[in-house]
Amino acid sequence: MEVKTSLLDNMIGVGDMVLLEPLNEDSFIVNLRNRFDHNEIYTYIGSVVISMNPYRSLPIYTPQKVEEYRNRNFYELSPHIYALADEAYRSLRDQDKDQCILITGESGAGKTEASKLVMSYVAAVCGKGQEVNKVKEQLLQSNPVLEAFGNAKTMRNDNSSRFGKYMDIEFDFKGDPLGGVISNYLLEKSRVCKQPRGERNFHIFYQLLSGASDDTLMKLKLDRDFSKYNYLSLDSANVNGLDDAASFRTVRNAMQIVGFMEAEVQSVLELVAAVLKLGNIEFKPESRVNGFDESRVKDKNDLKEMCELLGIEQSVLERAFSYRTVEAKMEKMSTTLNVAQAYYARDALAKNLYSRLFSWLVTRINESIKAQAKTRHKVMGVLDIYGFEIFEEGDNSFEQFIINYCNEKLQQIFIELTLREEQEEYIREDIEWTNIEYFNNAIICDLIENNQNGILAMLDEECLRPGTVTDDTFLDKLNTICAEHQHFESRLNKNSKFLTDHSLPHSCFRIQHYAGKVLYRVEGFVDKNNDLLYRDLSQAMYKATHSLMRQLFPEGNPAKVNLKRPPTAGFQFKASVGVLMKNLQTKNPNYIRCIKPNDKKVAHIFTDSLVCHQVRYLGLVENVRVRRAGYAFRQPYESCLERYKMLCKKTWPHWRGPARDGVEVLLTDCSVPTEEFAYGRSKIFIRNPRTLFTLEERRRACLEDLATLIQKIYRGWKSRTHFLLLKKSQVVVAAWYRRYAQQNKYQKIKSATLVMQSFVRGWKARNILRQLKYEKRCKEAVTTIAAYWHGTQVRREYRKFFRANAGKKIYDFTIQRIMQKYFLGLKTTTMSPMDNTWPAKPYGFLEGAHTQLRRIFHLWRCKKYRGQFTEEKKAVYEEKLEASEIFKDKKALYPSSVSQPFKGDYLEIQKNPKYQKLNSAMEEKVLLADLVNKINRANGKGSPRLFLLTKSNFVLADQKTGQVKASVPLPDLASVSVSTQSDGFFALKLKEGSASASKGDFLLSSEHLIEIITKLHRIGTTAADRDQINIDISDEFLVQFKQDKVCVKFIQGGPKNGNSAACKRKNNRLLEVSVPSP
């Protein structure tokens, strides 16, 4: 059976203020404190949720809590913001009613967090799917972007929203989100230029400087040091618990999810950087001939960098800060700006640039999250807007005035909708309607917004009036027109009772709002309402090449000059509030009233005076009175009967009949006075909370009696069940024991039988085995006797033949067997010519055959190996063989060259385009091309040369240019001299008297010495028309250099000479080559 729960179960204090007794301000505060001390931060006033900011994380927002409140009746569980969100979502989804959730409260009360909780709950309970999840993610990720650009640290809140936000979330017929639309109200743009002590500018400035990469900051011409920017306050630049760098990464990620392109993100950051640079621009006075001062920019570096960011000509913006052009019909007049006016123009530009960028961001987010479908949508609106702001010591200004005006309108619509809902329910339930008296704040709204003599209308009229206009002239007009109004107070009006009120300064006026009296300082009202930006600055911004500037400053277009003054800030806000009120009146309202328990922003502290102040200006006690003016509590008949049926024997445990009849029987039996309740069509209405609490007390006592009865019955049932279980267990145990005993007896009999069977089978098997063994011995004896007998007969028959031929046959067979075994042993020999292994001769008589077979086999496998050679490979091996004949055991370099194949063309002269000209100059095929060093006799140093060898001559050419340095016919070559050591030096000695001998011999060095000399020797050997070239291998030989002969001597060097041979000149007749030790 499902357990029915209720708001009244396990209640700490009173969960619904409508049931509070007695109802007054003190009991209201005490109830809030009691619940707050027990971590119950939510309390109801009917369908209104009061939310206390706990200033800490509570475990009441888990996915399990979401499931707990999903699809549950509003009053079924303890008060929670999820209950209100679920009620609104289900009404929208199931009853097709558009909803709005109005969240109000002062800064730091938790409005922004409440709106996030509502949106996260709706996102959790609505449908799933790839497209739906994308829409939900975009809606949720719009919050970090707007918070970065619209929130700031204040004295009351580290993440205070400095703008009002209204979001319409659109759903399809299934209740799945399709998109949304965001509206923003009154961004506090004055914070851009100036912040109160202990507060910060908007988050994005600090996030950008802390979290952007060095490359990004360099592109934006920014520095991480906050102190370098005049618009950033330093005393609160770093806030405990806020990681600006991490927040910047979160904002970048959120912008990407919402749909911002990378170029758009960069453009936004450029405008943020431009605002910071704008704040650093300072002015100095410059006297003119006419005696007036003109402003000039002091240091133009920040101005230059700002202009580069926005793509503006520096001279255009500099002039806009020094001159102002006034247009009237067909006339233009240019006036100079003094330093104060220039600073005003700078700050006005910064405020307008930032506020318009914020509006553009909202518009851009709306483009991404708007619903794509054209069909009708269900809408849930979420309003997160300031509560009443009342500052001490008369610091309330224009911003507080219009914020409080907005709250007056919200209070007005709240009272109207609450009363209308009460009246509609009474009519629907056929309950007699009693008129409820309440304070109607329409008179205060009319004082502010009346088109003829309202405060906003007079402020606009004063701003548009020609002549000298000041805040004092505006106050004079208020004193004249509003003097008799009962909610307006001023020291200078005609009402004499305020003339001696020293709490009311002369430069202030006071309005008695529904939440209390608020003192407004008139200073700055006219300027803030004008919100004036000089046309020269608008036109300068429009000329910028930055991608966003023309969208942000459309009035700067010189082709569309509008001489009409733009609408004032008050007029615009009044119009937007009017649109908001019309929008809210078309939807079913749901209210969340946020309260902060203390000003210290810490947990577990409840300041009675602060909470009382908020309760007053939110009008919460008034709300309770309106709610309970008729009937304090109402409940469907079914729920009422289900909850209280145990109070009457006729309805307990089950009522057979209509629920209303059961409730009537129940209340009659409980002797509830008839004036304390009324019967509706589907609900019972209880007038006084005491009646409900009496029923609850009787229910609690009855539940205790029922609990005792249930315990008694349960204990009896448990004891009987236990006894029956014991009895059943005894029967089972006895049965199992008997079975166990019989099994044991059976196992013993079975074991004894098996033993007897095994002995009998063993005896029989042994007898059979004994018989079989006897029979086998008999057969073996017969077979042996027969074999001996047959052998005797055969020997007797063949004895005469055996004695004559047996020796020769045995000898032949033995020799044949030995030869067969010998030849089979030769099969293991490999085919490699390099393998010298050969099986040992098994017998001495095979010595001659063994030697000849080894020689024949080696010649045969060498022939087979040579037969595999190609002509090219054969030529290589012939060269290798010739090199072996020349150098083996004569030159130490030879062993290292054996494993290296003779490549010939080491320069790839046929393919290398660098040597194409040299290759074409060669008339014959190049047999060898290598890089050698030609040794200079003067210093022993080498010069790189290209060495080319053909069948008829050898050529030395320049390495870089390929120019031929020497071409020597091979017949002119007499001999070649090399050392015995591991160096690469060789001397080409020419025949005396030949044409080539005029320049002398050549002393060269090469890494491929063995191959070069082998090819030279081979060419001389194969040529029939010339003598063979002599190869002289000696560690000391003479070389003819032109007219002189020089001795080249090779010596063994130490490790200090390195790994290569070095040639040094000792004197005019000696070159010494030091060869490293092997």
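Reply: Helices (H or I, at least four residues) and strands (E, at least two) are DSSP runs, numbered from the N terminus. This is a predicted model, in which local features need pLDDT of at least 70 and side-chain atom pairs count only at pLDDT 80 or more, while totals for chains, interfaces and linings use all residues. Residues are numbered from 1 along each chain as its sequence is written, and side-chain values use heavy atoms, with hydrogens and water left out.

Me: In which helix is the place of Leu310, and is Leu310 buried or exposed?

Reply: Leu310 lies in helix H10, which covers residues 300-310. Buried means under 20% relative accessible area, exposed over 50%, and partly exposed in between, with a 1.4 Å probe and protein chains only. Because its relative accessible area is 0%, Leu310 is buried.

Me: How many residues apart in sequence are Leu310 and Ala273, and what is their distance in space?

Reply: Leu310 and Ala273 are 37 residues apart in sequence. In space, from C-alpha to C-alpha, Leu310 and Ala273 are separated by 9.8 Å.

Me: Does Lys864 count as buried, partly exposed or exposed, and at what relative accessibility?

Reply: Lys864 is found in helix H26, a helix of residues 847-867. Since its relative accessibility is 46%, Lys864 counts as partly exposed.

Me: Which helix holds Ile710, and does Ile710 count as buried or exposed?

Reply: Ile710 is found in helix H25, residues 689-825. With a relative accessibility of 55%, Ile710 therefore counts as exposed.
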